[in-house]
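Dear colleague,

I am handing over a structure that you have not worked with before, and I would be glad if you kept it open beside this message while you read. The notes that follow go through what was found in it, one part at a time.

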Amino acid sequence: MAIQLKDVHFAYPEAPLNNVLNIKNWSVSDCEQVFVHGPSGGGKSTLLNLLSGMLNVSSGEVTVLGERLDRMNARQRDRFRANHVGTIFQQFNLIPYLGAVDNIQLARQFAKKNTQSAASDEIKSLLSTFHIPQSDWQKPVAKLSIGQQQRIAIARAMINKPEILIADEPTSSLDQKNRDNFMSELLTLVAEHNITLLFVSHDMSLANHFSRIEALSEINLTAEKN
Amino acid sequence: MFIRLATKSLLNRKGSVLLTIMAMSVSIFVLLGVEHIRSQTKESFNSTVSGVDLIVGARTGSLNLLLYSVFRIGAPTNNIDWETYQSISNNPKVAWTIPISLGDSHKGYRVMGTTTDYFNYFSYGKKRQLSFSKGKPFAEVFDVVLGSQVAKKLGYSLGEEIVLAHGLGSTSFSLHRNNPFKVTGILATTGTPVDQTVHVSLEGIEAIHRNWQPDVTMPGSSSTNKPLHPLELEPEKITAFMLGLTSRMATFRIQRDINNYSKEPLSAILPGVALSELWQMMGLLENTLRLIAGLILISAVLGLSAMMLASIKEREREIQLLRVIGAPAFYLFLLIELEALLISFISMLLGTAGLYLSLIITRDLLSSNFGLHIGLNILSVNNTLFLLLVAVSTMIAAAIPSLTVYKVAHRGG
């Protein structure tokens, strides 16, 4: 089981009485590709932050890749996230003033896997895979097109060979053509590397790429009540 | 990668970073400059006289005696008898003496009557002796040796004749017109009051005052033309004298003996003690300067902190992203601290370099106009400590934005 949530409750410390998440039982198996849809404000980003270990639950069990995130301290969760979970957002996936190589390098240094020298070759081949011309590798990414930026974002998310990839509305800022390219590249990559994909979007037209489709309102019981 | 991220992030915010660097550089410039000039002034002050064991004058306060005998400031209270001087200098424990006779001036510069022993025994700084940049000590009665400033400011050269004035005003009407002096030597620059002194022999002082009446220039009177023999011109009184002992162990005993001298009331002072007493009086000024420099530094560091804090707002997403890719909250804390330290280090470099350059440029100006001799060794122990202090206070001030980032990061979401 890649992800398993049990009796999860979450409230922000500023408002301890306002339960944002209430999940009885929800799981994703290894290599599964799940499409989650729901309105904004439904606890979507909170759920993703719990799974990546950015936040910790108020109560309940969060098991990711067999590890209990709720029992880890902040530092352990940071390391876990760097090593096992890749994330792509709608925008601001990259430090705008750094180049593509630096951005990926930065993501690498928080995971402790391979040596530095192997890394730069890896980054270069990864960028080539995503059709980023070599002349653009060192430019500040803010100067590149949105489509290029999102492809570099996947490369950045993939560099530490995560077992889980979280995509939070990654296609919303792309046009039709770029969106199709992006989806096919992402899905190929996920299939190739046996990655569990959690794809969150309100764009139902993308749902047909996925075998499992979930409504956030069905997962999160708090949202249903509202 | 860490340092790279910090530098690129700073470069990305060139405008505000540059202004902060400028503000900090200026304050470091002021901080180091004030400290440097303060310590240099103190050093040159303390080195106005050295190697002199005692200064003896008529009974007076030690500061007063020091001021008129060494700094040529103020007026002596009383003179001492030549016989007193003779008897003390004949003491077997006294190795040498330098008599000093004051009271005349030349265009505002004080005239000091003394003997050639002055050029042999008087020393300043770290036991440096006086040396001649041109010419030689006075040999004749009407020879004069000029301090470097006097020669430079008044444009005198060897062989020129000058007239001394009675009294200390720069526009005195009572001139010793009958007895012009000939410049035989010009001393090398010392950075002490010696530079602003006109030196003549005791006999010369005696000669111009003997039978002298102010402003009475009788037609045909020719007191100058009569050759004067130095032996006839033994002075009756001198203003003060400096002395060196054969053994420094005897200093306090000789001082006590002189203070208890029965024939006339005398004061003997240790120049080192008197100098530090005098400097202590300037302590308030010294502390005020330091206080101002410190406040300037604090304001610059707070400015840096404010700039960093303001930048956090616009960098929230960047911080969030770093968290997402696995950066621990502490990493972000260190990142902000590093950025602040980089700004502070660049400012230190600029401030120090700026001070160094301006010292090179203004050095000659300061020494010729103010008699202030400023060395170039800015990085004294004190200043190095100050730079360390700047670094530490930067880290403390940057803790405010750094902790903010840490909190934002820790809260997540």
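His131(A) is exposed, since its relative accessible area is 54% (exposed means over 50% relative accessible area, buried under 20%, and partly exposed in between, with a 1.4 Å probe and protein chains only). Before going further, please note that this is a predicted model, in which local features need pLDDT of at least 70 and side-chain atom pairs count only at pLDDT 80 or more, while totals for chains, interfaces and linings use all residues. Residues are numbered from 1 along each chain as its sequence is written, chains are lettered from A and ligands numbered from 1 in the order in which they are written, and side-chain values use heavy atoms, with hydrogens and water left out.

His131(A) sits in the loop between helix H4 (116-129) and H5 of chain A, where helices (H or I, at least four residues) and strands (E, at least two) are DSSP runs numbered from the N terminus. The phi of His131(A) is near 55°, a positive value in a residue other than glycine. Most residues other than glycine have a negative phi. Cys31(A) also has a positive phi, near 65°, and belongs to the loop between strand E2 (21-28) and strand E3 (33-37) of chain A. With a relative accessibility of 37%, Cys31(A) counts as partly exposed.

**Helices of chain A**

Helix H1 of chain A, residues 44-51, is mostly covered, with 7 of its 8 residues buried; these are Lys44(A), Thr46(A), Leu47(A), Leu48(A), Asn49(A), Leu50(A) and Leu51(A). After H1(A) comes Gly53(A), whose phi is positive, near 85°.

Helix H5 (residues 146-158) and helix H6 (residues 176-192) of chain A have axes that come within 10 Å and cross at roughly 15°; axes here are lines fitted to C-alpha atoms, for helices over the stretch in contact, and angles run from 0 to 180 degrees between N-to-C directions. That makes H5(A) roughly parallel to H6(A) (angles under 35 degrees count as roughly parallel, over 145 as roughly antiparallel, 65 to 115 as roughly perpendicular and the rest as oblique). From H5(A), the residues Gly147(A), Gln150(A), Arg151(A), Ile154(A) and Met158(A) meet Asn178(A), Phe182(A), Glu185(A), Leu186(A) and Leu189(A) of H6(A), contact meaning heavy atoms within 4.5 Å. The residues of this contact divide into 5 nonpolar, 3 polar and 2 charged (Ala, Val, Leu, Ile, Met, Phe, Trp, Tyr, Cys and Pro count as nonpolar, Asp, Glu, Lys and Arg as charged, and the others, Gly among them, as polar).

**Helices of chain B**

In chain B, helix H2 (residues 14-46) and helix H10 (residues 283-314) pack at an angle of about 165°, with their axes 9 Å apart, and are therefore roughly antiparallel to each other. By class, the contact of H2(B) with H10(B) has 14 nonpolar, 4 polar and 5 charged residues. One of the H10(B) residues in that contact is Glu286(B), which counts as buried at 11% relative accessibility. Leaving aside neighbours within four places in sequence, Glu286(B) is in contact with Arg38(B), Lys42(B) and Trp279(B).

Gln255(B), in helix H8 (residues 251-259) of chain B, is likewise buried, at 15% relative accessibility. Beyond residues up to four places away in sequence, Gln255(B) touches Leu54(B), Ala268(B), Ile269(B) and Leu270(B).

Leu338(B) lies in helix H12 (residues 329-370) of chain B and counts as buried at 19% relative accessibility. Not counting residues up to four places away in sequence, Leu338(B) touches Phe2(B), Ile3(B) and Ala6(B). Although Leu338(B) and Thr394(B) are 56 residues apart in sequence, they are 10.0 Å apart in space, C-alpha to C-alpha.

**Where the two chains meet**

How many residues of chain B are in contact with chain A? There are 25, and they are in contact with 26 residues of chain A. The two chains bury about 2,400 Å² between them, 66% of it on carbon and sulfur atoms, buried area being the accessible area (1.4 Å probe) that two parts lose on being put together, summed over both. Met1(B), Val324(B) and Ile325(B) supply 27% of the area that chain B buries against chain A, more than any other three residues.

With best regards
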